[in-house]
Amino acid sequence: MRMVSNTSPIIGLAKIGRISLLKSIAEEVLIPPLVYRELLGKIGSESDQIDRALNDFIRIMDLMPLEIATENAVADLDEGEKQAVALAATMKENVLLLLDDRAGRQVAEKLNIPTTGLLGILLLAKEKGLVGNVVPLIEELRDNGYWLSDEVIDVARRLAGE
């Protein structure tokens, strides 16, 4: 499976030292040019991990011209989400869009693009035996300033069986 990611899930995984999960889960991790620029702008403790991932397995992919329906669908999104959804839309199949933004996920759903968020990646990693428990990682995310609603965390706990 190919994965297209927006900025925040990559930053979140880097904050907890788990960015390599993307490499273990996806055969290819792609980002659009604006997401690349946003990642280069990070100066926190996670920036070294992000730089290593950008040099190792995360590939920047230029955007292709969009169909009018896709262009209209993404028009109101923030530029990073717009590019991530647009890139995934041009791939048509065997792609998973990694995006936490609700508006972006709603647009992706209308375009029939499968999506997951950062917590979905952690759940998938647990399912594949790449991590033991998800709840400690969620707590670590929150401790590192990654905002997650209590409702979303409760759902992730139930799905993880923790």
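**What the terms rest on**

Modeller: Helix α3 (residues 33-40) has P33, L34, V35 and L39 as its buried residues, where buried means under 20% relative accessible area, exposed means over 50% and partly exposed lies in between, with a 1.4 Å probe and protein chains only. These buried residues pack against β1 (2-5), α1 (7-15), β2 (28-31), α4 (47-56), β3 (58-60) and α6 (79-91), and packing here rests on contact, that is, heavy atoms within 4.5 Å. This is a predicted model, in which local features need pLDDT of at least 70 and side-chain atom pairs count only at pLDDT 80 or more, while totals for chains, interfaces and linings use all residues. Residues are numbered from 1 along each chain as its sequence is written, and side-chain values use heavy atoms, with hydrogens and water left out.

Biologist: What makes a run of residues a helix or a strand, and in which strand is T116 found?

Modeller: Helices are DSSP runs of H or I with at least four residues, strands are runs of E with at least two, and both are numbered from the N terminus. T116 is found in strand β5, which covers residues 115-116.

Biologist: Is T116 buried or exposed, and how do you know?

Modeller: The relative accessible area of T116 is 13%, so T116 counts as buried. Its contacts include L96, L97, L98, L99, R105 and I121, leaving aside residues up to four places away in sequence.

Biologist: Why does N94 count as partly exposed, and why does N112 count as exposed?

Modeller: N94 has 46% relative accessibility, and therefore counts as partly exposed, whereas N112, at 68%, counts as exposed. N94 is placed in the loop between α6 and β4 (95-98), and N112 lies in the loop between α7 (102-110) and β5. Each has a positive phi in a residue other than glycine, near 55° for N94 and near 60° for N112.

Biologist: How are α9 and α10 oriented to each other, and why?

Modeller: The axes of α9 (residues 135-143) and α10 (residues 150-160) come within 10 Å and cross at roughly 160°. Axes are lines fitted to C-alpha atoms, for helices over the stretch in contact, and angles run from 0 to 180 degrees between N-to-C directions. Angles under 35 degrees count as roughly parallel, over 145 as roughly antiparallel, 65 to 115 as roughly perpendicular and the rest as oblique, and α9 and α10 are therefore roughly antiparallel to each other.

Biologist: What makes a set of residues a nonpolar core, and how many residues has the largest one?

Modeller: A nonpolar core is a set of buried Ala, Val, Leu, Ile, Met, Phe, Trp, Tyr and Cys residues joined through side-chain atoms within 4.5 Å. The largest has 39 residues, and those with the most contacts inside it are I19, L22, I58 and L122. Helix α8 (residues 118-127) supplies the largest share of this core, seven residues. A second, separate core of 16 residues includes A89, L99, A108 and I113.
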